[in-house]
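Me: I would like to go through this structure with you, one topic at a time. Could you start with the terms for exposure?

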Amino acid sequence: PLVGGLIIGHLSWPWIFWINLPIGVIAAGLFLRFLHEGVERRSRQIDVIGAALFTAAIAALMLALTEAGESAEAALWPALAFVVAAILFVVQERRAPDPMLDIRLWMQRPIATANTATLLSGMTVIGLTAFLPMYVQGVLRQSPLIAGLTLTLMVLGWPIGATTAARSFVRFGLRPILLVGATLLPLGAIAFVALGPDTSPVVAACGSVVMGLGMGFLSTAAIVIIQDSVAWAQRGAATASNIFSRNLGSTLGATVLGAVLNYRLAHPSSGPAVNSDQLRRLLDDPGSLGAGGEAIRHGLQHALHGTFWTVFVVAVLTLLLSLLVPRVAISDRPRELAVE
């Protein structure tokens, strides 16, 4: 995020995406050089039908959530398409020899609860990364660099939390570490609910680092709980299910929270509605709005306040779901683990 702020301040938007190319090449080179595995290779069938139905279901769900921010009627048909595609997807996964998503794996309580908590935590993170810079820049009138810095603290808190969690598993157990992370998420989200037009960016930065620590604790504990709940041969699929849950949470979070933002921009409690062009001008060139800039800034503050409240609610739900995760013993060797 800090580099992003520098790019926006001194270069052009496309560099936000081009910068991924050299990073991706370096990552691929390191994997090729250092990742060596001894695996048993077997022929597998690709679940093409399942992948197509899953794609259709998620696309329909995202469209329904997006349209719901504008009109309930417009969201009806995408919602029906989602239900139909989801039902067909479940049927397909039950009959496929090598399913894209093994339903039996997801029916295990440690995996189902940990993945659901991970999905919700992914929604909170995308709410922070997508909308906090907009608030810092558009409402608090700070530079893109400061907006990026508030997010960078979350990126720093995450690995610190993950490292601390990994060193604490043996002493405290997996579930307590998971609950520590889940508790930190709503505590950090309180800072964003408390933001106002005159609030210091330091408040946003503090909320970011707390949520980053929470994600480090929660995500590390969740993935170890899932891995230690299955046999060695299933660990790859179990790990993939957790990463999938977090990515799906980010996708759904961007859609849901974006719908909340769009609805509140179009239906402010006071003052005129704010359209996308006005919002872009507020972020890129506030001086071009003239006397109307203050009203647009107030509309953005009202809309983002509702979005941050939604993030807080999702963070609380993450904590409640984490309470349902059972205790799982830590494994030092590949075996089935006893679940209490």
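Reply: Buried means under 20% relative accessible area, exposed means over 50%, and partly exposed lies in between (1.4 Å probe, protein chains only). This is a predicted model, in which local features need pLDDT of at least 70, side-chain atom pairs count only at pLDDT 80 or more, and totals for chains, interfaces and linings use all residues. Residues are numbered from 1 along each chain as its sequence is written, and side-chain values use heavy atoms, with hydrogens and water left out.

Me: Is Trp 309 buried, partly exposed or exposed?

Reply: Trp 309 counts as partly exposed, at 41% relative accessibility. Its place is in helix α13 (residues 293-322); helices here are DSSP runs (H or I, at least four residues), numbered from the N terminus.

Me: Which residues form a nonpolar patch on the surface with Trp 309?

Reply: Val 313, Leu 317, Leu 320 and Leu 323 form the patch together with Trp 309, and the accessible area of the five is about 440 Å² together. Patches are made of residues with over 30% relative accessible area and no salt bridge; like charges are joined within 9 Å and nonpolar side chains (Val, Leu, Ile, Met, Phe, Trp, Tyr) within 5 Å. The areas come from the Shrake-Rupley method with a 1.4 Å probe, and for residues only the protein chains shown count as cover.

Me: New topic: how many aromatic pairs are there?

Reply: The structure holds six aromatic pairs. In one of them, the ring centres of Phe 54 and Phe 89 are 5.5 Å apart and the planes stand at 50 degrees, so the pair is tilted. Rings of Phe, Tyr and Trp (its six-membered ring) pair if their centres lie within 6.5 Å; planes under 30 degrees apart count as stacked, over 60 as edge-to-face and the rest as tilted.

Me: Where do Phe 54 and Phe 89 lie?

Reply: Phe 54 is in helix α4 and Phe 89 in helix α5 (residues 72-95), so the pair ties together parts that are 35 residues apart in sequence. Phe 54 is buried at 16% relative accessibility, and Phe 89 is buried at 9%. For Trp 309 and Phe 312, the centres are 5.7 Å apart and the planes at 90 degrees, so that pair is edge-to-face. Both of these residues lie in helix α13, three residues apart, about one turn of the helix.

Me: Which residues do ring pairs link into a cluster?

Reply: The cluster consists of Phe 54, Phe 89, Trp 106 and Phe 244.

Me: Back to α4. What is its span, and which of its residues are buried?

Reply: Helix α4 (residues 48-68) has 21 residues and reaches 30 Å from first C-alpha to last, close to the 30 Å expected at 1.5 Å a residue; the expected span is 1.5 Å times one less than the number of residues. Its buried residues are Gly 50, Leu 53, Phe 54, Ala 57, Ile 58, Ala 60, Leu 61 and Ala 64. They cover an arc of only 160 degrees around the axis, which puts them on the same side of α4; the arc is that of the directions from the helix axis to the C-beta atoms. The face turned away from this buried side carries the exposed residues Val 48 and Thr 55.

Me: And which side chains meet in a salt bridge?

Reply: Those of Asp 228 and Arg 235 do, at 3.0 Å, N to O. A salt bridge is a side-chain nitrogen of Lys or Arg within 4 Å of a carboxyl oxygen of Asp or Glu, and the count comes to one. Asp 228 is buried at 5% relative accessible area, and Arg 235 is buried at 17%.

Methods: Helix = DSSP H or I, 4+ residues; strand = E, 2+ residues; numbered from the N terminus.
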